[in-house]
Amino acid sequence: MNDDESGPRLTLTQVETLAREAHAAQTDKAGHPYAEHLRAVADGVRDRGGDEEQIAAAWLHDAVEDDALPEDWLRGAALSPRTKAIVLAVTKRPGEPVEAYARRILSTPGALLVKEADLAHNADPARLSVLDPATEKRLAQKYATMRELLGLGTE
């Protein structure tokens, strides 16, 4: 489909189903189904007052980055231009400096809230504590650095 504002859009339920199917074979670093992370980020966006476009982006926030769905699919999907822009903004590109990544998130309306919910779930001490100590430390620092670059402070 195209970006025609008048055309039918995927519902949040349809977006959730697509995201779950796209990531079905994937697990997180602790071995849990990846869909648990997607659900947590979508719930985090909702809990922070995000709108339906941001919640849809939360469900899809890792789809392109993790090669679960191709970028061409996203560009043609029956989603709002804003949802697509948020997903692309929060998609880290290989070799991209973290500062450039943060600037893109900050310059894309609605993306900061999605990334904030993503970071909150990724940095959850209970989630990190199941990892080996070196990985836990590395990821905690990575997430803290990103929060700082985004002006989110500490949680």
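Me: Contact means heavy atoms within 4.5 Å. Which residues does H23 touch, not counting residues up to four places away in sequence?

Reply: The model is a predicted one. In this model, H23 touches Y34, L38, D62, A63, D66 and A68, with residues up to four places away in sequence not counted. H23 itself sits in the loop between helix 1 and helix 2.

Me: Why does H23 count as buried?

Reply: Buried means under 20% relative accessible area. H23 has 2% relative accessibility, so H23 counts as buried.

Me: L38 is on that contact list. Where is L38 found, and what makes L38 buried?

Reply: L38 is found in helix 2. The cut-off for buried is under 20%. The relative accessible area of L38 is 0%, so L38 is buried.

Me: Which residues is L38 in contact with, leaving aside its neighbours within four places in sequence?

Reply: Those contacts are A19, H23, A58, W59 and H61. As for A120, that residue is 82 residues apart from L38 along the chain, and their C-alpha atoms are separated by 12 Å.

Me: Why are helix 1 and helix 2 called roughly antiparallel?

Reply: Helix 1 covers residues 12-22 and helix 2 covers residues 34-47. Their axes come within 10 Å and cross at roughly 150°. Angles over 145 degrees count as roughly antiparallel. The pair is therefore roughly antiparallel. The crossing of these two helices is right-handed.

Me: Which residues of helix 1 and helix 2 meet, and how do they divide by class?

Reply: From helix 1 come L12, E16, A19 and R20, and from helix 2 come A35, L38, R39 and R46. By class, this contact has four nonpolar, no polar and four charged residues.

Me: Which residues meet between helix 6 and helix 7?

Reply: Y101, I105 and L106 in helix 6 meet A111, L112 and K115 in helix 7. The residues of this contact divide into five nonpolar, no polar and one charged.

Me: How do you know that helix 3 is mostly covered?

Reply: Count the buried residues. Seven of the nine residues in helix 3 are buried. They are Q54, I55, A56, A57, A58, W59 and L60. These buried residues pack against helix 1, helix 2, helix 5 and helix 7.

Me: Which residues touch the most other members in the largest nonpolar core?

Reply: The core has 39 residues, and V45, W59, L60 and L150 touch the most other members. Helix 1, helix 2, helix 3, helix 5, helix 6, helix 7 and helix 9 each supply at least two residues. The largest share, six residues, comes from helix 3. In soluble globular proteins, nonpolar side chains tend to be buried together.

Me: Which residues is L60 in contact with, leaving aside its neighbours within four places in sequence?

Reply: L60 is in contact with V15, A19, L69, L79 and V87.

Me: Why is T83 called buried?

Reply: T83 is found in helix 5. Its relative accessible area is 2%. Buried means under 20%, so T83 is buried. Leaving aside its neighbours within four places in sequence, T83 is in contact with E53, A56 and A57.

Me: What makes D67 exposed?

Reply: Exposed means over 50% relative accessible area. D67 has 69%, so D67 is exposed. D67 lies in the loop between helix 3 and helix 4. Its phi is positive, about 60°, although D67 is not a glycine.

Me: Why is T13 called exposed?

Reply: T13 has its place in helix 1. Its relative accessible area is 56%. The cut-off is over 50%, so T13 is exposed. T13 and W59 are 46 residues apart along the chain, and their C-alpha atoms are separated by 10 Å.

Terms used: Residues are numbered from 1 along each chain as its sequence is written. This is a predicted model: local features need pLDDT of at least 70, side-chain atom pairs count only at pLDDT 80 or more; totals for chains, interfaces and linings use all residues. Side-chain values use heavy atoms; hydrogens and water are left out. Axes are lines fitted to C-alpha atoms, for helices over the stretch in contact, and angles run from 0 to 180 degrees between N-to-C directions. Helices (H or I, at least four residues) and strands (E, at least two) are DSSP runs, numbered from the N terminus. Angles under 35 degrees count as roughly parallel, over 145 as roughly antiparallel, 65 to 115 as roughly perpendicular and the rest as oblique. A crossing is left-handed if the near helix is turned anticlockwise from the far one by less than a right angle, and right-handed if clockwise. Ala, Val, Leu, Ile, Met, Phe, Trp, Tyr, Cys and Pro count as nonpolar, Asp, Glu, Lys and Arg as charged, and the others, Gly among them, as polar. Buried means under 20% relative accessible area, exposed over 50%, partly exposed in between (1.4 Å probe, protein chains only). A nonpolar core is a set of buried Ala, Val, Leu, Ile, Met, Phe, Trp, Tyr and Cys residues joined through side-chain atoms within 4.5 Å.
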